[in-house]
Amino acid sequence: MLTIRACRDDDAAGVGRLIARTYTAFNLGFATPDQRAALLGPFRFAESTEPAHRAAIAAAITAPEVLVAEEAGAIVGVLRGGRLDGRGRTVLQSLFVDAEHHRRGVGRRLVERFEQTCRTQGVTRIKLASTLYALPFYEALGYQRSTGVRTGRSFQGSGLPYQPMKKILG
Ligand SMILES: CC(C)(COP(=O)(O)OP(=O)(O)OC[C@H]1O[C@@H](n2cnc3c(N)ncnc32)[C@H](O)[C@@H]1OP(=O)(O)O)[C@@H](O)C(=O)NCCC(=O)NCCS
């Protein structure tokens with residue numbers, strides 16, 4: 001059974017590994033090994049047990065709202081969101097679902113839970129920077145492109161293509 005719940009401190013290492021492998025496999029195919037390491041930031045140390053690496057990963061996961069999807073005791077998805085941008089708009093910051101669990105509604109469940117929390121807080125609009133891979137997913141959930149494709153930074157890396165998107169919550 002799939003459960004959506006708040007991320008706990010002891011989830012950080014598992015969440016870090018999930019982000020590292022999913023981001024590498026689906027979003028960083030264009031990058032050279034050096035670029036990939038820079039774009040991964042602390043997540044390039046996801047397999048490390050060094051306390052400093054673990055702390056950097058825990059810090060990178062932190063967000064106002066961090067939700068995980070758990071199935072059979074394993075973390076299979078994570079959503080980070082709730083940051084406000086410079087204009088006070090609520091941001092869905094990142095979303096990753098383990099490859100083995102794609103197309104089973106895990107991403108949809110995480111986004112719907114986040115939207116539900118936003119509504120209870122009186123938030124009427126969500127913005128996000130979609131990877132090119134995730135575009136059809138966000139469009140299926142009612143998000144719309146706000147501009148053309150842009151390129152941006154991720155940790156120490158640059159050149160990451162993304163599609164700005166938004167949704168007005170009904
Ligand atoms: C994007 C992502 C989070 C989607 O997660 P998911 O759990 O597989 O998505 P869902 O099963 O909830 O999909 C819901 C709907 O979105 C659409 N969709 C999802 N993935 C799709 C894909 N690869 N191609 C086309 N449509 C897709 C479908 O309409 C799907 O419904 P259906 O399966 O009934 O047809 C997942 O593919 C992922 O982690 N990708 C790599 C990381 C990434 O790019 N994250 C986005 C960062 S902003």
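Predicted model: local features only at pLDDT ≥ 70, side-chain atom pairs only at ≥ 80, totals over all residues.
To which polar backbone atom does an oxygen atom of the ligand lie at 2.8 Å?

View 1. An oxygen atom of the ligand is placed 2.8 Å from a polar backbone atom of Arg103. A polar backbone atom of Arg108 likewise lies 2.8 Å from an oxygen atom of the ligand. Asn27 contributes through its side chain, a polar atom of which is 2.9 Å from a ligand oxygen atom. On its own the ligand has 910 Å² of accessible area, and the protein covers 80% of it.

**View 2. The shell of residues around the ligand.** The shell comprises 21 residues, of which Leu95, Arg103, Gly105, Gly107 and Thr131 come nearest to the ligand. By class, twelve of the shell residues are nonpolar, six are polar and three are charged. At least two shell residues are supplied by each of α1 (12-27), β4 (90-97), α4 (106-120) and α5 (135-140). The largest share, four residues, comes from α5.

**View 3. Packing of α1 against α3.** The axes of α1 and helix α3 (residues 51-61) are 9 Å apart and meet at an angle of about 75°. Because angles of 65 to 115 degrees count as roughly perpendicular, α1 is described as roughly perpendicular to α3. From α1, the contact involves Ala12, Ala13, Val15, Gly16, Arg17 and Ile19; from α3, it involves Arg54, Ile57, Ala58 and Ile61. Seven nonpolar, one polar and two charged residues make up this contact of α1 with α3. Helix α1 is also among the elements that each supply at least two residues of the shell around the ligand.

Methods: Residues numbered from 1 in each chain as written. Heavy atoms only, no water. Near = heavy atom within 4 Å. Polar contact = N/O pair within 3.5 Å; in protein donor to acceptor, adjacent residues only side chain to side chain. Areas by Shrake-Rupley, 256 points an atom, 1.4 Å probe, with all protein chains shown as cover. Nonpolar A, V, L, I, M, F, W, Y, C, P; charged D, E, K, R; others polar. Axes fitted to C-alpha atoms, helices over the stretch in contact; angles between N-to-C directions. Parallel < 35°, antiparallel > 145°, perpendicular 65-115°, else oblique. Contact = heavy atoms within 4.5 Å.
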